[in-house]
Amino acid sequence: MTTAALSDRQRSWLRRAGPLLLVVVLVVVPLVFPESVNETIARIGVFAVAVLGLNVVMGYAGQVSLGQIFFLGLGAYVTAYGVSNDWNIVVVFVLACLIPAFVGLLVALAAARLGGLAIAMVTVALPIVGVPLAKRLSEFTGGSQGLSARFGDAPEWSGLYDDQWRLYLVLAIGGAVFLLTRNLVRGKYGRVLGIVKKNENVASSVGISPYRYKVLAFTLASLIGGVSGFLYMLVIQYTSPETMSFGHSIQLLAAMVIGGAASIVGSVLGGAYYVLVPQLTNLVDPSLTALLQGAVLLVVLFVLPGGLASLARPLGRGRRSRARHDPAPLITPSATTKSGSAADTPETERQGHP
């Protein structure tokens, strides 16, 4: 067997074993860690989904969006209101996805025709308007005090603690969103978004409507934001107007940049940054939290312009380089036997000459 064939077989085995190993790890993790760690991992999962939505609209579609946190907050409010009124949890989940998606569609229909600072200003307005609006609609949102809603307790038949059950729900729902989004951006839709992102004029010249795909990307990002809002209520179980503040929107944007734009793995790393780095900076000095987070952002931008996810790219290039420089395949006896008749034939005869 040739070296190239062995290398291909190894890569094929790793591609199959990798996802299975990941599933096993995710199944075991909630059972072995204490409650505090499970809650932290669940929060990372919540904001990883939120960063993923932002990555769809900014990383893959190249649109400026500074209002993704608004859709997380809207999904959280829809979830809290539905749970407080004893709605079926499946209906609550569907509404928490569809209502932000519908609002995002309305915004996109108007904003996608704009570009540069214009579309940025439209998205900036979302959290700025959302906070006072949530305070004013106190009948639905609880006003400045917000809403609390407890759900997602572990059923008796599961034999699990509440923190374990909630983490499993976050992993299952978040994992499904990540898998569907990964398949979407790696398929035809992702290739079209890449063309639109690089040059809208080129996209138009080949029959692609930049406006249509911008609207689709923004709507999809809004839907994913609604999913993260549902998971937010599942884990945090409380929301207020502060949830959708503009400061949190900037932190979410920084998380996407540090994790890596246009990267599925970068979205997970961005969620970890959003949750863990503020905790670490608070341990150093609570009064310097914003300064330290800004310093971290600057360091990452200078050292790794592509975000933390870019660390894996040199490894992939190294594997491809080694594959190209593998020694030539050995000639086996069977190959020699099959090619013997051709080797004995004169060159001109093989080319079809008499």
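The model is predicted, so local features are given only where pLDDT is at least 70 and side-chain atom pairs only at pLDDT 80 or more, while totals for chains, interfaces and linings use all residues. Residues are numbered from 1 along each chain as its sequence is written, and side-chain values use heavy atoms, with hydrogens and water left out.

## Overall picture

The secondary structure of the protein comes to 16 helices and two strands, where helices (H or I, at least four residues) and strands (E, at least two) are DSSP runs numbered from the N terminus. Of the 354 residues in the protein, 41% are buried; here buried means under 20% relative accessible area, exposed means over 50%, and partly exposed lies in between (1.4 Å probe, protein chains only). The accessible surface comes to about 19,500 Å², and 66% of this area belongs to carbon and sulfur atoms, as computed by the Shrake-Rupley method with a 1.4 Å probe, with only the protein chains shown counting as cover for residues. Among the contacts with a separation of 6 or more, 75% are between residues 24 or more positions apart, a contact being heavy atoms within 4.5 Å.

## The nonpolar core

In soluble globular proteins, nonpolar side chains tend to be buried together. A nonpolar core is here a set of buried Ala, Val, Leu, Ile, Met, Phe, Trp, Tyr and Cys residues joined through side-chain atoms within 4.5 Å. The largest such core in this model has 79 residues, and the members that touch the most others are Phe47, Leu231 and Leu252. Helix α2 (residues 35–60) supplies the largest share of this core, 14 residues. Leaving aside neighbours within four places in sequence, Leu252 is in contact with Phe47, Ala50, Val51, Leu54, Gln68, Ile69 and Tyr274.

Val275, which is found in helix α12, also touches Phe47, and its other contacts beyond four places in sequence are Thr40, Arg43 and Ile44. The C-alpha atoms of Val275 and Val46 are separated by 9.6 Å, although the two residues are 229 residues apart along the chain.

Helix α10 has 27 residues and reaches 38 Å from its first C-alpha to its last, close to the 39 Å expected at 1.5 Å a residue, where the expected span is 1.5 Å times one less than the number of residues. Because 21 of its 27 residues are buried, α10 is largely enclosed by the rest of the structure. The helix is followed by Gln237, whose phi is positive, near 65°.

## Aromatic pairs

Rings of Phe, Tyr and Trp (its six-membered ring) count as a pair if their centres lie within 6.5 Å, with planes under 30 degrees apart called stacked, over 60 edge-to-face and the rest tilted. By this rule there are ten aromatic pairs. In one of them, the rings of Phe47 and Tyr232 have their centres 6.2 Å apart and their planes at 80°, so the pair is edge-to-face. Since Phe47 lies in helix α2 and Tyr232 in helix α10 (residues 210–236), this pair ties together parts that are 185 residues apart in sequence. Both Phe47 and Tyr232 are buried.

Another pair, Tyr81 and Phe140, is tilted, with 5.7 Å from centre to centre and 55° between the planes. Tyr81 is in helix α3 (residues 68–84) and Phe140 in helix α6 (residues 138–141), so that this pair links parts of the chain 59 residues apart. Finally, Phe47, Tyr232 and Tyr274 form one aromatic cluster.

## Single residues and their accessibility

The table lists relative accessible areas for selected residues.

| Residue | Relative accessible area | Class |
|---|---|---|
| Asn38 | 0% | buried |
| Val275 | 3% | buried |
| Ser263 | 10% | buried |
| Tyr81 | 28% | partly exposed |
| Glu200 | 34% | partly exposed |
| Phe140 | 42% | partly exposed |

Asn38 is placed in helix α2, and a polar contact of 2.8 Å joins its side chain to that of Asp163. A polar contact is a pair of N or O atoms within 3.5 Å; within protein, one must be able to donate a hydrogen and the other to accept it, and residues adjacent in sequence count only if both atoms are side-chain atoms.

Ser263 sits in the loop between α11 (246–259) and α12 (264–284), where its side chain reaches the backbone nitrogen of Gly266 at 2.9 Å. Not counting residues up to four places away in sequence, Ser263 touches Asn55, Tyr60 and Ala309.
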